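Take a walk through this structure, one region at a time.

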Amino acid sequence: MTDRAWFDAAKGDIPQWAASMPKDADGTTIDWDWVRSLDLAHGVGTIPESTPRSIHDALKADYATRERLESIIAQCNSAFMTDFDRLIGSYRLPRALAYANRRLNDNINTMLHLGEQQHLWAVSRERRGRATIAVLKPYSGSGPSNDDQGMLDLSGEAGGASAGNTAAENSDVKFPTTVALDDIQDRTEAILDARAKRRKAQRFQKRAGDAAMARANLSGATSPGGAALPGGAAASGNAIGHHPKPDWRDAYLPGRDVDAVMGIDIETTGIDPARDYIIDVGFEFMNMASPRPAGEPETYAYEQGYYAAGDAYGQSRLAFGVPPENAALGNALIAKLTGIDVRGRSSEAGYRLFDEWPQAQAGLLARLTQQPYVAHNATFEHSWFMLNVAGYAESYRAGRITIIDTLPMSRQWDPGAVPTNEHPYGDNTLDAYAKRQGALDSAHNERHLGLEDSHIMLVAMKHHLAALKAQGKGPWGPAGRSGVGGKSCRSR
């Protein structure tokens with residue numbers, strides 16, 4: 001277990017957060033005394049007895065705790081980034097809450113599987129809107145229905161005990177389905193939908209207010225020469241019929257002076273940084289304009305033998321583990337996608353957990369701050385670093401981190417990313433972008449490993465920038481930016 005002193009220090013920040021963030025992401029007043037009472041280091045989940053009612057009640061309690069925790073975590077980024085008076089000095093409290101929430105989520109998944117083994121319910125994992133949720137259905141006599149979980153042995157047979165074994169010590173005894181399921185269904189979909197609707201309403205009110213102010217302000221009126229009101233400029237297209245509209249991701253586009261960058265990609269056990277774990281990190285460096293540094297090794301052996309290091313240097317591949325409870329459950333989806341089987345990545349097998357390894361976090365942060373870092377759909381990596389890397393949020397807010405994203409490069413500057421019925425904004429996956437830019441041939445696909453994906457991303461970016469410069473487009477076009485570009489926080 002990680003050093004408990006870190007969690008005590010995080011709780012010491014509660015007064016700062018309470019002064020700046022009285023309500024959570026769902027508009028509910030936060031009970032900071034409840035947060036202070038949580039044992040973040042040793043777990044906030046409930047360990048049930050073996051009876052159906054105990055399993056039901058423990059699962060219900062854990063769902064309620066997770067909802068309270070996640071609604072607080074979801075509001076922390078906004079509160080921290082808009083704390084212009086700097087009342088909040090550190091982001092360690094949200095990281096500590098996310099740490100506890102990941103273990104809580106493991107406990108929930110363990111109990112879901114336990115209920116299947118006890119024939120209390122069947123579990124199906126279903127994509128619902130913005131989330132994949134666990135749907136409980138009455139047991140029908142079939143085996144466990146979940147392909148992505150369900151590797152946990154809770155039978156109690158001789159040969160070794162596993163987490164949660166006490167609830168199924170006699171494998172010959174199967175409880176009938178006597179528990180109600182309606183009050184222990186995963187409410188994630190409904191919660192996220194409600195938040196999205198509130199945000200949409202808030203954006204509508206803001207736009208309406210801005211429009212009213214513009215109409216009332218003579219300086220915002222249409223001039224005699226026909227100049228439009230602010231906000232109507234369109235982005236320049238790069239091909240006939242391909243004129244992407246401005247997008248918030250455009251802030252992550254590189255400038256015409258970009259050169260030395262670090263490409264990075266992470267692989268995780270899921271898509272939620274407050275529930276899942278980082279298991280693979282790959283990064284390397286590449287100069288977009290200047291020569292490759294002298295003295296760097298000339299070759300590097302990627303997993304794919306047909307990859308050539310080329311201009312890349314400083315390659316690194318980092319492997320991390322998961323808690324025993326998560327490893328015991330398995331993750332067939334991630335194993336199929338990446339080739340990483342978390343059943344062999346338990347901390348008991350010697351793998352260090354990223355969120356328990358301060359030295360690994362410090363080493364990564366040092367690299368993230370020394371030059372712009374590049375990722376494809378960089379907001380994904382950013383969200384994970386916020387809740388996993390000590391000091392990242394503070395460095396980002398202070399303007400010491402610059403982020404460049406190749407996804408808007410593909411969307412805005414790649415003529416091949418034309419909209420289709422299947423891809424209304426164009427096919428802008430890393431696989432498609434790398435193939436269009438000559439970084440990946442059509443016979444092979446994106447590998448879904450951190451280092452290999454970082455490599456094809458940087459090669460594609462360099463090819464793309466060279467073509468844009470020759471054409472006088474992209475950063476060298478009328479709407480291009482000077483400097484390195486990218487997204488970074490500026491002092492106010």
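Trp17 touches Trp32, Cys76, Ala79, Phe80, Ile88, Ser90, Tyr91, Leu93 and Pro94, leaving aside residues up to four places away in sequence. Contact here means heavy atoms within 4.5 Å. Trp17 sits in helix 2, residues 14-20. Helices (H or I, at least four residues) and strands (E, at least two) are DSSP runs, numbered from the N terminus. At 0% relative accessibility, Trp17 counts as buried. Buried means under 20% relative accessible area, exposed means over 50%, and partly exposed lies in between, with a 1.4 Å probe and protein chains only. Tyr91 is 74 residues from Trp17 along the chain, yet their C-alpha atoms are separated by 9.6 Å.

A word on the source. This is a predicted model, in which local features need pLDDT of at least 70 and side-chain atom pairs count only at pLDDT 80 or more, while totals for chains, interfaces and linings use all residues. Residues are numbered from 1 along each chain as its sequence is written, and side-chain values use heavy atoms, with hydrogens and water left out.

Now step back to the whole chain. The protein chain has 14 helices and seven strands. Of its 492 residues, 48% are buried. Among contacts with a separation of 6 or more, 73% are between residues 24 or more positions apart.

Next come the charged pairs. Side chains of opposite charge can pair when their charged atoms come close. A salt bridge is a side-chain nitrogen of Lys or Arg within 4 Å of a carboxyl oxygen of Asp or Glu. The count by this rule is 24 salt bridges.

Which parts does the pair of Arg397 and Asp83 tie together? Their side chains meet in a salt bridge at 3.7 Å, N to O. Arg397 lies in helix 11 (residues 392-397) and Asp83 in the loop between helix 4 (52-81) and helix 5 (92-117), so the pair ties together parts 314 residues apart in sequence. Arg397 is buried, at 10% relative accessibility. Asp83 is buried too, at 6%.

Arg103 forms a salt bridge with Glu356, and their closest N and O atoms are 3.2 Å apart. Arg103 belongs to helix 5, and Glu356 to the loop between helix 8 (332-338) and helix 9 (358-369), so this pair ties together parts 253 residues apart in sequence. Both Arg103 and Glu356 are buried.

Lys435 pairs with Asp431 in a salt bridge, with the closest N and O atoms 3.1 Å apart. The two are four residues apart in helix 13 (residues 430-436), which means about one helical turn separates them. Lys435 is partly exposed, at 27%, whereas Asp431 is buried, at 16%. Elsewhere, salt bridges that share partners join Arg102, Arg103, Asp355 and Glu356 into one network.

The last stop is a helix pair. The axes of helix 12 (residues 406-413) and helix 14 (residues 450-471) come within 11 Å and cross at roughly 40 degrees. That angle makes helix 12 oblique to helix 14. Axes are lines fitted to C-alpha atoms, for helices over the stretch in contact, and angles run from 0 to 180 degrees between N-to-C directions. Angles under 35 degrees count as roughly parallel, over 145 as roughly antiparallel, 65 to 115 as roughly perpendicular and the rest as oblique. Helix 12 supplies Thr406, Met409 and Trp413 to the contact, and helix 14 supplies Met457, Met461, His464, Leu465 and Leu468.
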